[in-house]
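Hello,

I am handing over the structure below, followed by notes on what was found in it. Please read them with the model open.

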Amino acid sequence: MPAGSWIAFDWLIIGLAAAAMSTWLVNADLGFEWLANRWLVSLSFCGGVTLAGLAVGLYDHDTLLSRSRLLVRLTLALALGVMVAFALLSVFFYASSSRWVALAVVLTYLLVGLPLRLWTHDTLTRARVRVLCIGEGDSTRKLVALLARSNRPHYEIVGHTRLAQGALRLVAANVDAKAAPRFRTTAELAFSETCPYLGTIDDIEEQLIAYEIDEVVVGSELAHTGAVGPAVATCLQQRCRVTDHATFVESLLGEVPVENITAEWFLRADVQNRGNFEAVKRCGDALAAGFGLLITLPLWPLIALAIRLDSRGPALYRQVRVGARGRCFTIYKFRTMRTDAEKDGVRWAAANDGRVTRLGRFLRKSRLDELPQLWNILRGDMSLVGPRPERPEFVHNLEQLLPHYRLRHLVRPGLTGWAQIHYGYGASVADAHRKLCYDLYYLKHRSLELDVAILIRTLGTFVLGAR
């Protein structure tokens with residue numbers, strides 16, 4: 001079930017439970033005549049629990065694949081949701097509810113929502129999506145390795161099929177020349193064991209039936225090959241889903257395999273067709289940053305004083321970062337490292353970095369060190385949501401090492417983003433590569449709905465622990 005279906009289901013059971021209990025308390029003549037309108041109470045509990053669920057990641061597909069994660073996040077969503085519901089009623093609607101209503105919501109959710117989710121978990125972990133790969137080039141090998149290390153046990157690579165020898169000669173420039181029945185290297189031998197050769201695409205219909213294939217993934221090297229067309233049509237006729245490598249990874253993991261995408265991916269992504277969205281987003285950024293500055297400014301002197309007492313040096317830290325269209329700007333943060341942190345030169349910040357002060361660890365974990373960036377957002381240097389801005393010293397090298405890295409600068413950098421909620425801090429070129437995969441996904445799919453989801457998930461990191 002997609003996230004939207006789970007949210008609708010939660011609204012149904014929570015709304016009915018809250019409305020039924022509110023109605024009973026009022027009609028039972030037990031002294032609860034002061035209760036607010038039952039539909040207002042229902043909407044508050046529905047909104048509170050689902051917002052909390054979005055914040056802690058209850059509706060993520062990964063949550064359903066782990067029983068312990070499911071139980072923890074469902075408990076957090078219920079606890080936070082009830083508190084949010086009472087806050088909504090008292091602060092915004094000047095109304096009240098009863099703890100009996102909250103108890104009814106919690107019990108109903110545990111008796112109906114939890115068993116259904118556990119059943120879905122068992123179904124997903126037992127079921128298998130059998131995948132056939134067309135091609136045995138670099139993209140197919142990387143896909144096999146990616147599924148092996150990712151938390152997707154229900155996806156099973158059955159094997160791979162290749163072009164017939166005549167077609168292979170026509171695409172020799174794009175296909176691994178070592179595609180032969182014999183595998184000479186250790187890597188090729190390992191690939192043949194995890195993704196065995198099943199035959200050529202001339203016999204793909206028999207392979208789909210014999211191996212009960214559910215999904216077919218075409219390697220990037222063969223996506224534009226004419227010989228693949230009839231095979232794709234055959235797969236569709238057999239009710240198999242067919243995608244290329246980039247689309248498969250994108251839909252499954254929420255990231256883009258940057259090293260294997262082609263110019264056609266950018267044509268389909270249409271990354272510049274977001275004019276109205278960008279204008280609305282800029283207005284929202286300015287309003288949110290202004291409001292954030294207004295309510296957090298009283299904290300600034302206290303944080304600054306604590307920083308000065310904890311270590312020598314200024315409370316505010318300035319650093320040049322690369323923004324939209326490659327323009328550099330000065331970013332502002334509360335200082336979390338010693339003043340001599342870069343005496344030996346510029347280097348990545350790392351987890352458990354010894355240069356971070358005692359107070360700095362708390363500021364980083366709580367994200368309070370990033371409050372001054374609200375000024376950057378108000379000025380237009382940054383946005384609330386977008387790729388994390390990087391330092392020019394690192395950007396120059398990363399653009400040489402990572403394909404398409406400069407494209408992340410097509411939009412304003414963000415205080416939080418798709419990469420930040422999925423991967424956290426980066427401390428190496430490998431980390432930058434993974435975050436770029438998420439940044440390109442955001443670049444293609446950015447929308448108001450996605451931005452709101454990212455902001456809610458960012459709030460959830462304060463509960464689950466900042467990444």
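By class, how many nonpolar, polar and charged residues does the lining of the second largest pocket have? This lining has 15 nonpolar, six polar and 18 charged residues (Ala, Val, Leu, Ile, Met, Phe, Trp, Tyr, Cys and Pro count as nonpolar, Asp, Glu, Lys and Arg as charged, the others, Gly among them, as polar).

The model is predicted: local features need pLDDT of at least 70 and side-chain atom pairs pLDDT 80 or more, while totals for chains, interfaces and linings use all residues. Residues are numbered from 1 along each chain as its sequence is written, and side-chain values use heavy atoms, without hydrogens and water.

A pocket is an open set of points on a 1 Å grid over the protein atoms alone where a 1.4 Å probe fits, with protein on both sides within 12 Å along at least five of seven lines; lining residues have an atom within 4 Å of a point.

The second largest pocket holds about 800 Å³, and Q319, R321, K333, A349 and R364 lie nearest its centre.

The largest pocket holds about 1,300 Å³. Its lining of 45 residues has D60, H61, D62, W418 and H422 nearest the centre, and divides into 23 nonpolar, 11 polar and 11 charged.

W418 also touches (heavy atoms within 4.5 Å) G254, Y438, Y441, Y442, L450 and I454, leaving aside residues up to four places away in sequence.

Regards

Conventions
Grid points are joined across faces, edges and corners, and a volume is the space filled by probe spheres set on the points.
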